[in-house]
Amino acid sequence: MRTASILAVAAALVGSTTAQYQYVRQSTNTNSPVTSATSNDLRCNVGASSGTGVQTATVAAGSTVGFALDIGIIHPGPIAVYLGKAPSTAASWDGSGANWFKIYELGATITSSAITFPASDKSSFTFKLPSSIPAGQYLLRIEHIALHSTGQPQWYISCAQLNITGGGSANPAKVSIPGYVSANDPGLTLSIYWPIVTSYKVPGPAVFSG
Ligand SMILES: *[C@@H]1O[C@H](CO)[C@@H](O)[C@H](O)[C@H]1NC(C)=O
């Protein structure tokens, strides 16, 4: 039923790829998706609610970081990346609370005959951390939502632990995970096959770009 997919992940802090799971929490769900829009496992995947034993990477606000996947993206669907401000340390935070904001997304390419997803076939993603956010400890979360099975979206997720330095005093609007998307979101429920899709909005809040 499910072909193997992605996001078991090794974090890459660009410039050098770091060791697998050095800064990324390893789930117990490596190649299976989370399938419920209301599950707490949407935060960091199954078995990854704690970061015990995982290092926290110190990076500057405004710098470019990324995730390298141990298996590239197979299924069609978007990528989104969120930062969550840890109440204390990143390693001790389970991702609960309205602390998350989106910093990057890679959606769809739509033509008159088809919708395609540029994330497909990729095995690494890089993006810039906002330069205006407050210094402190964060979880950096990547999600791929696979849409090949109409009406049954599949989330592939990983979280890295960051200690962000520099920064500013911006206060992006925050969301909770779960809660950030509704199971009825058209970006989850659509058929990517038929009828021909004419628009696509990546689920979740707008990207904070400050
Ligand atoms: C976070 O970065 C600050 C500033 O460089 C440093 O003093 C602190 O030790 C770092 N914390 C962790 C957990 O790496």
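User: How many disulfides does the rule give, and what is the rule?
Analyst: A disulfide is a pair of cysteine sulfur atoms within 2.5 Å, and by this rule the count comes to one. The model is predicted: local features need pLDDT of at least 70, side-chain atom pairs count only at pLDDT 80 or more, and totals for chains, interfaces and linings use all residues. Residues are numbered from 1 along each chain as its sequence is written, and side-chain values use heavy atoms, with hydrogens and water left out.

User: Why is the link of Cys44 and Cys159 called a disulfide?
Analyst: The S to S distance is 2.0 Å and the cut-off is 2.5 Å, so the pair qualifies.

User: What makes the link of Cys44 and Cys159 tie together parts of the chain?
Analyst: Cys44 lies in the loop between strand E2 (16–17) and strand E3 (57–60), and Cys159 in strand E11 (residues 154–167), so the joined parts are 115 residues apart in sequence. Strands are DSSP runs of E, at least two residues, numbered from the N terminus.

User: Which residues surround the ligand?
Analyst: Thr58, Gln137, Asn163 and Thr165 do, where near means a heavy atom within 4 Å.

User: How much of the ligand does the protein bury?
Analyst: Taken alone the ligand exposes 360 Å², and the protein buries 37% of that (Shrake-Rupley method, 1.4 Å probe).

Conventions:
Helix = DSSP H or I, 4+ residues; strand = E, 2+ residues; numbered from the N terminus.
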